[in-house]
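Have a look at the two-chain model shown here.

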Amino acid sequence: MTREEYFNALIERHGKEAQEKFINATVGIAGLGGLGSNIAFFLARLGIGKLVLADFDRVDVTNLNRQQYRVADLGRYKAEALKEQLLGVNPYCEYETHSIKLTEKNIPEIFSECGIICEAFDKADQKAMITETVLSDMKNVILVSGSGMAGTDSANKITTRKVISRFYLCGDEKSDIADGCGLMAPRVAVCAAHQATAVMKLILGQSPV
Amino acid sequence: MVKINGQPAEAAEKTVAQIVTEQGLNVQRVAVELNGDIVKRSDFDKVVVKEDDSMEIVNFVGGG
């Protein structure tokens, strides 16, 4: 399978105009858990030219209920384990990995090439931190965040909303893991798919909402 | 009146931190935009909201 054959197949499904936009895009994913690992697969399948993948964590057995890792990945850095799988799906896109903790200091540098960043952390204070950092310190970057996908409520409660300038929020904005309602694979994946769809539409020059 | 998330509120002359706390929210878990600009968390105690200001408070919940 050559690069040309691979991209011809993507063009057959997505159309030439859309595929050229996807190939020329660079997207960041901050956090590679239930949201981030699913978002990465969706974007690799779209043929996004470059993904910047960042997570300090290693794969734990409690991740396997909803995150795109395998038993064989236990103990590995999530960024590395994910990159290996993404190369298996789409070997012709670029995956840059960062296995370090993201902070307000390093986020602008790590994601400097990205026009769009997906916030995919699990802790609420970290979601707030990256939102503040991207919207105040990265003037031309759009942030697509996920908040509220825990529990077993209807998938229909998960929506995409433009909250403020350069900021889209996916989720039900209510279901909190802190309430003890758990995190279930399908509902987390619905939120991840909302985020990936918003990214897709932004790259195509369409409004996500 | 101040507009908070599109709703009128009696919040003039209060700090961002006071308003967030009075809404029952945790200052560590919100992002705040005031008149189109993000307010940094380190400024929540310093920035005072004025009459006719427009404020958006995004409250994050955990899970991902």
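This is a predicted model: local features need pLDDT of at least 70, side-chain atom pairs count only at pLDDT 80 or more; totals for chains, interfaces and linings use all residues.

Residues are numbered from 1 along each chain as its sequence is written, chains are lettered from A and ligands numbered from 1 in the order in which they are written, and side-chain values use heavy atoms, with hydrogens and water left out.

**The sheet of chain A**

Chain A has an open sheet of 7 strands with mixed pairing, in the order E3-E2-E1-E4-E5-E7-E6. At its edges sit E3 (94-98) and E6 (159-164), each pairing on one side only. From one strand to the next, the twist averages 20°. Helices (H or I, at least four residues) and strands (E, at least two) are DSSP runs numbered from the N terminus, and two strands pair if DSSP finds at least two bridges between them.

Strands E1(A) (residues 26-30) and E4(A) (residues 116-119) run parallel and are joined by 4 bridges. Here A:Gly28 stands opposite A:Ile117.

H3(A) lies across E1, E2 (50-54), E3, E4 and E5 (142-146), at about 165° to E1(A). Helix H7(A) (residues 185-203) touches E1, E4, E5, E6 and E7 (167-171), and its direction makes about 165° with that of E5(A). Angles run from 0 to 180 degrees between N-to-C directions, and axes are lines fitted to C-alpha atoms, for helices over the stretch in contact.

**H3 against H4**

The axes of H3(A) (residues 34-46) and H4(A) (residues 78-89) come within 10 Å and cross at roughly 25°. That is why H3(A) is roughly parallel to H4(A), a label for angles under 35 degrees. By class, the contact has 6 nonpolar, 2 polar and 1 charged residues. Nonpolar covers Ala, Val, Leu, Ile, Met, Phe, Trp, Tyr, Cys and Pro, charged covers Asp, Glu, Lys and Arg, and polar takes the others, Gly among them.

**The sheet of chain B**

Chain B also has an open sheet, with 5 strands in the order E2-E1-E5-E3-E4 and mixed pairing. Its edge strands are E2 (7-9) and E4 (37-39), each pairing on one side only. Neighbouring strands are turned by 35° against each other on average, direction ignored.

| Strand joined to E5(B) | Bridges | Direction |
|---|---|---|
| E1(B) (residues 2-4) | 2 bridges | parallel |
| E3(B) | 5 bridges | antiparallel |

What is the bridge partner of B:Ile4 in E5(B)? That would be B:Met55. B:Lys3 stands opposite B:Ser54, and B:Glu33 is opposite B:Glu56.

**Where the chains meet**

The contact takes 30 residues from chain A and 17 residues from chain B. About 1,900 Å² is buried between them, with carbon and sulfur atoms giving 61%; buried area is the accessible area (1.4 Å probe) that two parts lose on being put together, summed over both. B:Phe60, B:Val61 and B:Gly64 supply 34% of the area that chain B buries against chain A, more than any other three residues.

A helix of chain A also lies across strands of chain B: H6(A) (residues 124-137) lies across E3(B) (30-34) and E4(B), running at about 140° to E4(B).

Methods:
Angles under 35 degrees count as roughly parallel, over 145 as roughly antiparallel, 65 to 115 as roughly perpendicular and the rest as oblique. Contact means heavy atoms within 4.5 Å.
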